[in-house]
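Q: I've got a model to go through. Can you walk me through it?

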Amino acid sequence: MGNINDIELQTASTPTYGRNLFREEVPTDKMPDIEHDPQAVYRFIRDELQLDGNPTLNMASFVTTVMDEEANQLIRDNLGKNYIDGEVYNRTLEIEQRCVRMLLDLFNAPHNMKTAQELADDKHIESGWGTVAIGSSEALMLCALSHKEQWKKKRKAQGKSFDKPNIVIGSDVHITWVKYAQYFDVDIKWIPISEENNFVISANQVREVVDENTTCVVAVMGTSYTGQNDPVEAINDVLVDIKNDSQKGWDVPLHVDGASGGFIEPFRDDNQVHRLNWDFKLEQVKTINVSGHKFGLVYPGVGWALWKNFHEIPDKLFITTNVLGFDESTYSLNFSRGSAMVLAQYYNFLRLGKRGYGSVVQNLMSLAQDLSNGLGSLRLTVTEHDKNAHGDAAKRVVFKDKPIFSVINNADYFPASVVRLNLRYDGQDKPLTNDDIENYLYSVHDISDKLKQSNWVVPAFTMPLEKTPPIKDKNDNVIKPANHDVPAIAVMRMVVKEGISRDMVSILIQNYADAVIKLEEQVRGIQNADKTYKASISFEEEVACSATDLVEVACLKLKHIQKNPAKTSRVALGAK
Ligand SMILES: Cc1ncc(COP(=O)(O)O)c(C=O)c1O
């Protein structure tokens, strides 16, 4: 037998795991000198990816992880098509335009999207417009940039300064908005969110900060932190007031960041909670971004930027090139991009229709409500046993039936559950303050770590309350100081997506309960070597149980929730 390290000795029948790739140093910095067997390369990479988290159990992400097999086939069939090559792949381009038209219609744009020819023939014809993007990040930048350039154009025409454009955003917007402001040299006027205001911005706050340099105000449908909705209609009304104010008269566009909520609100069950006014029906809503790859139910790589009126995009933003052998004019940050996800979006529109989206969204909302109800009704009892004492003297109840979590979002509007830890040393059933977070035995971050042992990825983070920087006027004078004087509020957020079943929701609740039991027992035990601790969980109706019979109780509880419509059961259970 020759040396197994001799490359020449490898033959077609050398087993995959006997091949060079598995013997050599892992190629990380330099491209290998020689080629490798495709089967071995596939296994090599696939095996390493086993260490990634499981996308279905990743409750942190809003992004779709599962599609129909037919959609997968369509995607595979079209992986090699470059979307930008519109003349060659003109059916793909047509399908993109169909998706845009369907979205404009869904979001109540007053005008259909006209063809390029119709727009060229009549420069003043009203037309909605839209384009595909890699995701909401690119989409919202395109929308915001068009507002900035439009503002500049107007200011120039009025002979006014145009060197200090700003955007008005809440302190909880997605980080992409900060990117946009920094990349495109736009000031940010922050609006702090607060607990009193249910972690969204208010129309009055918008009124206070808008000025003549505001290129657009941003309202979010489905914020990244809690999934709540900013009050878009009330903000619109304030902007209409400002426009009609004889002193101010600023026509400030409202952009709706509907990255997640854009595909939720049109499909909610409006028998439960009335439908919100948030889209192009509102006078000042001029642009909307939405992620196809979130609740548009397509895999990562597709977002949509939509305009109520095409003519509000300054011409200079459309760039024309003939490099692909034909003239094409585009407004995008990318050039080449895949076609497959555009086609997958169209697949979903045809496959699901409005009713299909409604059934998925309403199911997800009901699961999120069950999750919130289940977590909100967990109660904790902890007893202490003194190793050196006997009989009754050895046992002390540290606390009994304490609510563990408060639910801080309203899952009637968005399929997510957001909770904060309720446990305090002072025995009150109030939410934690900053001091409690620093002093309590463990935090939501520790619970999140424990949940990872059951493969769940549940993010824990502090709400962006304290970070609000000072608000300055155009001469750099501070008109509102930085808002540092607020307690930190740490939360855990679970986005409920396709792939999560009712059974998995009850298991997650059970895993939460197990995590809390373990943390209470372990951390207290470490702190007090002469004592042992026993923690147990009950649900709101005082059904005491240990970690082992928890599954049964969790299931019973959830069955109870299922039998009752979400609203009634919440009242019956008394959960928050
Ligand atoms: C409200 C909001 N806006 C924008 C984005 C960025 O979207 P994308 O990841 O599609 O680029 C997100 C992402 O989660 C978001 O939640």
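A: Here is a quick tour by question and answer. This is a predicted model: local features need pLDDT of at least 70, side-chain atom pairs count only at pLDDT 80 or more, and totals for chains, interfaces and linings use all residues. Residues are numbered from 1 along each chain as its sequence is written.

Q: How many residues surround the ligand, and which are closest?
A: 14 residues surround the ligand. The closest are Gly-135, Ser-136, Ser-137, His-174 and Ala-259. Near means a C-beta atom, placed from the backbone, within 6 Å of the molecule or strand.

Q: What's the shell like by class?
A: Three nonpolar, ten polar and one charged. Ala, Val, Leu, Ile, Met, Phe, Trp, Tyr, Cys and Pro count as nonpolar; Asp, Glu, Lys and Arg as charged; the others, Gly among them, as polar.

Q: Where does UniProt put the modified residue?
A: At Lys-294, as "modified residue: N6-(pyridoxal phosphate)lysine", from an unreviewed entry. UniProt positions are in the numbering used here, feature names are shortened, and annotations may be inferred rather than shown by experiment.

Q: Is Lys-294 buried or exposed?
A: Buried, because it has 27 C-beta neighbours inside 10 Å. The cut-offs: buried is 20 or more other C-beta atoms within 10 Å of a residue's own, exposed is 12 or fewer, partly exposed is in between, with C-beta atoms placed from the backbone.

Q: Where does Lys-294 lie, and what does Lys-294 touch?
A: Lys-294 is in the loop between strand E6 (285-291) and strand E7 (303-307). Helices (H or I, at least four residues) and strands (E, at least two) are DSSP runs, numbered from the N terminus. Not counting residues up to four places away in sequence, Lys-294 touches Phe-62, Val-63, Thr-64, Ala-259, Ser-260 and Phe-263. Contact means C-beta atoms, placed from the backbone, within 7 Å.

Q: Which strand does E7 join, and over how many bridges?
A: E1, antiparallel, over five bridges. Strands pair if DSSP finds at least two bridges between them. Thr-131 stands opposite Ala-305 in E7. Four of the five residues of E1 (129-133) are buried, so E1 is largely enclosed by the rest of the structure.

Q: New topic. What's the strand order in the open sheet of three?
A: E11-E10-E18, with antiparallel pairing. E11 (395-403) and E18 (531-538) stand at the edges with a single partner strand each, so one side of each has no neighbour in the sheet.

Q: How many bridges between E10 and E11?
A: Six, with E10 spanning residues 379-386. Arg-379 has Pro-403 in E11 as its bridge partner.

Notes:
Two residues are in contact if their C-beta atoms, placed from the backbone, lie within 7 Å.
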